[in-house]
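Please read each point with the sequence and the model side by side.

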Amino acid sequence: AVEVLSLVAYQPGVTAQTLQDQRGKDCGSLLNQLVRRRLLEMKRQKPSDGTRKVPHYYPTERFLTLFSLDSLDDLPLVDESSLGN
């Protein structure tokens, strides 16, 4: 769960498919659990190609409070290659 939280925190607006590709395993149940616990929020967004809306995940204010952050800019800097891109 911490891995998924960190990936979403460093990539706000990431999709479940992108997270799955980065982790190499399904994370749907973890995402659902983190949304239920209000650490992440899901927003359905329509892609530019006009197909059906796709869920995108974002950290919540509760996430920031829990980790004593004022904003996502307060996250430690990491090498972007370590995010699985």
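**Notes on the predicted model**

1. Helix H1 (residues 2-10) packs with helix H3 (residues 28-36) at an angle of about 75°, and their axes are 10 Å apart. H1 is therefore roughly perpendicular to H3. Axes here are lines fitted to C-alpha atoms, for helices over the stretch in contact, and angles run from 0 to 180 degrees between N-to-C directions. Angles under 35 degrees count as roughly parallel, over 145 as roughly antiparallel, 65 to 115 as roughly perpendicular and the rest as oblique. Helices (H or I, at least four residues) and strands (E, at least two) are DSSP runs, numbered from the N terminus.

2. Which residues make up this contact of H1 with H3? From H1 come Val4, Leu5 and Val8, and they meet Leu30, Leu31 and Leu34 of H3. Contact means heavy atoms within 4.5 Å. By class, the residues of this contact are 6 nonpolar, no polar and no charged. In this scheme Ala, Val, Leu, Ile, Met, Phe, Trp, Tyr, Cys and Pro count as nonpolar, Asp, Glu, Lys and Arg as charged, and the others, Gly among them, as polar.

3. Residues are numbered from 1 along each chain as its sequence is written, and side-chain values use heavy atoms, with hydrogens and water left out.

4. The buried residues of H1 are Val4, Leu5, Leu7, Val8 and Ala9. Buried means under 20% relative accessible area, exposed over 50%, and partly exposed in between (1.4 Å probe, protein chains only). These buried residues of H1 pack against S1, H2, H3, S2, S3 and H4.

5. Is arginine 23 buried or exposed? Arginine 23 is buried, because its relative accessible area is 16%. Apart from neighbours within four places in sequence, arginine 23 is in contact with Glu3, Val4, Leu7 and Leu30.

6. The side chain of arginine 23 also meets that of glutamate 3 in a salt bridge (3.0 Å, N to O). The two residues link distant parts of the chain, with arginine 23 in helix H2 and glutamate 3 in helix H1, 20 residues apart. A salt bridge is a side-chain nitrogen of Lys or Arg within 4 Å of a carboxyl oxygen of Asp or Glu, and by this rule the count comes to 1. Side chains of opposite charge can pair when their charged atoms come close. Glutamate 3, at 40% relative accessibility, counts as partly exposed.

7. The model also contains an open sheet of 3 strands in the order S1-S3-S2, with antiparallel pairing. Strand S1 (14-15) and strand S2 (40-45) stand at the edges with a single partner strand each, so one side of each has no neighbour in the sheet. Two strands pair if DSSP finds at least two bridges between them. S1 and strand S3 (residues 54-59) are joined by 2 bridges, whereas 6 bridges join S2 to S3.

8. Individual pairs can be located in the sheet. Threonine 15 has histidine 56 in S3 as its bridge partner, and valine 14 stands opposite tyrosine 57 in S3. For glutamine 45, the bridge partner in S3 is valine 54.

9. Most residues other than glycine have a negative phi, and most peptide bonds are trans. Arginine 38, although not a glycine, has a positive phi of about 60°; arginine 38 is found in the loop between H3 and S2 and is exposed, with a relative accessible area of 53%. Serine 68, also not a glycine, has a positive phi of about 55°. Serine 68 is found in the segment after helix H4 (61-66) and counts as exposed at 69% relative accessibility.

10. Finally, two pairs are separated along the chain. Glutamate 61, in helix H4, has its C-alpha atom 8.7 Å from that of arginine 38, at 23 residues along the chain. Glutamine 33, in helix H3, is 32 residues from alanine 1 in sequence and 8.8 Å from alanine 1 in space, C-alpha to C-alpha.

How values were computed: This is a predicted model: local features need pLDDT of at least 70, side-chain atom pairs count only at pLDDT 80 or more; totals for chains, interfaces and linings use all residues.
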